[in-house]
Each structure stands twice: as structure tokens, then as C-alpha cells.
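Please consult the sequence and the structure while reading.

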Amino acid sequence: MYRFLLTPRWWGINLFVVLSIPVCLFMGTWQLGRFDARVDNHREQERAAAEADHARAEPLAGLLPVTQETSGRTARVTGRYDARHQLLVPDRRLDGARGFYVLSLLRTADGGGARSDAPALPVVRGWLPGDADPARVPELPRGEVTVTGALQAPESQGTTGATPGGLPEGQLGIISDATLVNLVPYGVERAWITLRDAAAPMKPVPPVAPANSGLDMKAFQNLGYTAEWFVFAAFVVFMWFRLFRREVELVRDAELGLLPDVPRVSGPSGPAGRPDPADPSDPSASPDDGSRTRSPSGAA
């Protein structure tokens, strides 16, 4: 009864099923692993944020370059602020209120003073409500300072609140070395920090999770892809079983002689289901009974 499984058609079906099911299960497991990694990363970020006020500050050099593991950790760096290149980052929200960041560039120190060739570190000193107004910004600390804050990865156009361009002079839409390099005459680190303690009336800016980490929309997309791959695997099994059952039913019907009727195809000029009497190739056509009119010479 099951000899049909050895036909070339079923060899192809079985090979497809044997190969597709492991692929679907592997892809579903891989997507689930990515979601689990996002969950673990989210928990780590929450723990780091809860301990940020009491976390031990680490030297900035030991945390660079910024990764998902080092982002949000407390960095310590010494240098001098560049008072000539203070920037405002507009349209940033804090606790639901609209305002702007105050960003200054810290020329990092080496030994006794700032290095002229060392990349500057962007420092978000705090947040102020309302429209960006340099007159409301507190003065920069003078001389050499040591600042402590949460390390952050460079922003991108997809960052919440980021403005690609079209801003007045003295304002910055995206906090990154790629945007700052055109505004300052020296190199800039591929990172920035937000100060733990902001000078009044500014408020400290809390750190944010780096892109493609934590429980963002892409994390739940991974979970959705997991379900889709497992559904694909179940659908392949379902379709194989359905085809198999249909083939078994046809074999049983053939053994019992319960074959479906095959409709007869009409001839060239006769009606469907009837042979054409005038068709000489049809053996059922009636022979000449002599009733046809003959010519005087005996020809039909």
C-alpha cells in the first residue's frame, strides 16, 4: 500500500521535508536565543542604572571603545573644557518635558595638562527646559576638572530626538563624532558621557541603552520571528501528512475498484459522450447497409 513512497515524486517530497524541518527549528532557536540575549542585556542595564549613583568610576581609557557591555558604565576623565565650542542639543525630552541638552567638549589630560593631539570627549553637562538658549546655560568650570558620568555610544539618525540637520549655528542634532568633526578643529572620541551631577539649574541626563540592545522593538521582532519559524516547521509536517493521507486513500480506492469515472471526450464533430457515426476510425460506426443512394454506374 505504501509503495508510492518510493516513487521519484515522493522522494522529492520527503527530501524537502527532511531538510526544511531542521532548518526551521534551527532558525527559530537562533531567533529565540537573540531574544533571550536582549532580555539579559535589559536586566543588566536596569541593574547598572540602579547602581549608577554608587558605582565605582573607572578610567575612560579602560572603557573604550564603547560596546554593549561598557555602555552605561561610570567613566572618569580629567581635562579642560573648551569654552569656544559649547553646543546645545535641542528637542530633547526629560520626564515628558521638552528641552535641550548642554554639550561641552573636554580636552582630555595627559599628566599635567591637556594634550593638543588627544581626541576631545563630548560631555552632556545637563538638561534645561524650553527652547535652546545659550543665555540660560551656566558658565563652564575653569581650569582642569575631573568629571564622572555614564559612558554612551554615539547617536545615529534613528536615535529618539535626533535632528539630522537644518539647525542654527551653535546647535547640534546628533551627538556623535561624525557630526562634531565638522564643527571643531580637533578629533573627537567615538563616545560621550552624561554627567552624574549637573550644575543647577540643569538636571542630569540619564543614560540610555545603546542601539539594538534591550527590550526595544527589534527584540520583539526576534520573538515574532521565533514563532514564525516554528509555525513553518509545523506547517511542513501538516502538509506532508495531508498529502500522505490523500495518497493512501487513492491507493485504497484503486484496490477496491472505486476509481472515479473518466468522462469521454467528444469526437471531431459528434456530441460529447457519443461517437460520430461518420468517423471511419470509430469501430462502433454502423457499416454501410446499402440504404445510401447510389449512382447509375454503381458508385456511391
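A residue is called buried when its relative accessible area is under 20%, exposed when it is over 50%, and partly exposed in between (1.4 Å probe, protein chains only). By this definition Phe 244, at 18% relative accessibility, counts as buried. The model is predicted: local features need pLDDT of at least 70, side-chain atom pairs count only at pLDDT 80 or more, and totals for chains, interfaces and linings use all residues. Residues are numbered from 1 along each chain as its sequence is written, and side-chain values use heavy atoms, with hydrogens and water left out.

**Aromatic pairs**

Rings of Phe, Tyr and Trp (its six-membered ring) pair if their centres lie within 6.5 Å; planes under 30 degrees apart count as stacked, over 60 as edge-to-face and the rest as tilted. The whole structure contains four aromatic pairs. One of them, Trp 229 with Phe 232, is edge-to-face. These two residues lie three residues apart in helix α3 (residues 217-255), about one turn of the helix; helices are DSSP runs (H or I, at least four residues), numbered from the N terminus. Trp 240 and Phe 244 form a stacked pair, and they are four residues apart in helix α3. Trp 10, Trp 240 and Phe 244 form one aromatic cluster.

| Pair | Centre to centre | Angle between planes |
|---|---|---|
| Trp 229 and Phe 232 | 5.7 Å | 85° |
| Trp 240 and Phe 244 | 5.2 Å | 5° |

Trp 229 is partly exposed at 25%, as is Phe 232 at 41%.

**A strand residue**

Leu 151 lies in strand β7 (residues 144-152); strands are DSSP runs of E, at least two residues long. With 0% relative accessibility, Leu 151 is buried.
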